[in-house]
Amino acid sequence: MTTIPSREAQPISVLLRGDPDSLRAWLEHWDSRRLALCLSIILGGAGLYGAAMGYWRAPRQAVFVAIKFPLIIMLTTIGNALLNAMLAPLLGLNLSLRQSFVAVLMSFTIASAILGSFSPLAAFVVWNVPPLSSDVKISTGAYTMIQLMHVAVIAFAGVVANLRLVQLLRQLSRSAAIARRVLFAWLAGNLFLGSQLSWICRPFIGSPGLKVQFLRPDAFHGNFDEAVFRSLTWAFSPD
């Protein structure tokens, strides 16, 4: 006699569906098996997308980014868990530090699964973009467009991952207004901390004029927002 697997027997489906009852059970009854699952999805999904991201520059860069991208996600998770544990009670939702960490980790696990699903598309785009060449204008144009594509995909994955948890926040707070406030604070924290960590650990793609390296000596100079603004200015410049 064939039995139908329960929801709890399909943890990846539970995460991607964002079912509030199941996610709340995870939040209240966390264990090492679920932690290992989340970490493996982050390492796999973010690692695959990172490899596709860095391959345009060089195979060595693909390896570097496959390591750095999951690392940045984990550092952002830890930092935001600390921040959210302080902010959530102020916004009307009483969460412990452990619950804050688990909630943020689940959201990044969902984001990593989405990024992993985008990795074949990103690899296809990178494969068909003109490679690095002696023509600085062609290389800079390709670099800028690839960079903006990655920013859009990563932002999409992050926003969707947080929205999948909004029902859980509503159930925990019993208030749609409180859930929206907490979600906005999480998104703001993810954007601020994640983007700056991304800037410090650059280059992800690898600047065309620089050699391939794991971490630049000037990693703490400038910030992420300046780089995106310059890219947008270049992309929409009439020249």
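Colleague: Let's jump right in: is the crossing of H4 and H5 left-handed or right-handed?

Modeller: H4 and H5 make a right-handed crossing. One thing to keep in mind throughout is that this is a predicted model.

Colleague: Okay, and at roughly what angle do the axes of H4 and H5 cross?

Modeller: Roughly 145°, and the two axes come within 8 Å.

Colleague: Which residues make that contact?

Modeller: On the H4 side, they include Phe69, Ile73, Met74, Thr76 and Thr77. On the H5 side, Leu97, Ser100, Phe101, Phe108 and Ser112 are among them.

Colleague: And how do the residues of the contact of H4 with H5 divide into nonpolar, polar and charged?

Modeller: There are 13 nonpolar and six polar residues, and no charged ones.

Colleague: You mentioned Ser112. Where is serine 112 found, and is it buried or exposed?

Modeller: Serine 112 is in helix H5, which covers residues 97-128. Its relative accessibility is 0%, so it counts as buried.

Colleague: What is serine 112 in contact with, leaving aside its neighbours within four places in sequence?

Modeller: Its partners are Ile41, Ile42, Gly45, Ala46 and Ile73. Ile73 is also one of the H4 residues in the contact with H5.

Colleague: Switching to aromatics. How many aromatic pairs does the structure hold?

Modeller: Three. In one of them, tyrosine 49 pairs with phenylalanine 69 in a tilted arrangement, with 6.3 Å from centre to centre and 45° between the planes.

Colleague: Which helices are tyrosine 49 and phenylalanine 69 in?

Modeller: Tyrosine 49 sits in helix H3 (residues 32-54) and phenylalanine 69 in helix H4 (residues 59-90). They are 20 residues apart, and the pair links distant parts of the chain.

Colleague: Is tyrosine 49 buried or exposed? And what about phenylalanine 69?

Modeller: Tyrosine 49 counts as buried because its relative accessibility is 1%. Phenylalanine 69 has 5%, so it is buried as well.

Colleague: Let me zoom out. How many helices and strands are there in the protein chain?

Modeller: Nine helices and zero strands. Read from the N terminus on, the elements go α-α-α-α-α-α-α-α-α.

Colleague: What share of the residues is buried?

Modeller: Buried residues account for 46% of the 239 in the chain. The accessible surface is about 12,500 Å², with 69% of that belonging to carbon and sulfur atoms.

Colleague: And of the contacts between residues at least 6 apart in sequence, what percentage join residues at least 24 apart?

Modeller: That's 72%.

Colleague: How far apart are leucine 121 and alanine 52?

Modeller: They are 8.9 Å apart, C-alpha to C-alpha, and 69 residues apart in sequence. Leucine 121 is also placed in helix H5. Its relative accessible area is 48%, so it is partly exposed.

Colleague: What about a loop residue? Where is alanine 58?

Modeller: Alanine 58 is in the loop between H3 and H4. It counts as buried because its relative accessibility is 16%, and the cut-off for buried is under 20%. From alanine 58 to valine 212 is 7.6 Å, C-alpha to C-alpha, across 154 residues of sequence.

Colleague: Last one: what phi does arginine 174 have?

Modeller: A positive one, about 60°, although arginine 174 is not a glycine. Most residues other than glycine have a negative phi.

Colleague: Where is the place of arginine 174, and is it buried or exposed?

Modeller: Arginine 174 is in the loop between helix H7 (166-173) and helix H8 (176-200). With a relative accessible area of 77%, arginine 174 is exposed.

Methods
Residues numbered from 1 in each chain as written. Predicted model: local features only at pLDDT ≥ 70, side-chain atom pairs only at ≥ 80, totals over all residues. Heavy atoms only, no water. Helix = DSSP H or I, 4+ residues; strand = E, 2+ residues; numbered from the N terminus. Buried < 20%, exposed > 50% of the residue type's maximum accessible area, 1.4 Å probe, protein only. Contact = heavy atoms within 4.5 Å. Phe/Tyr/Trp six-rings, centres within 6.5 Å; stacked < 30°, edge-to-face > 60°. Areas by Shrake-Rupley, 256 points an atom, 1.4 Å probe, with all protein chains shown as cover. Axes fitted to C-alpha atoms, helices over the stretch in contact; angles between N-to-C directions. Left-handed = near helix turned anticlockwise from the far one by under 90°. Nonpolar A, V, L, I, M, F, W, Y, C, P; charged D, E, K, R; others polar.
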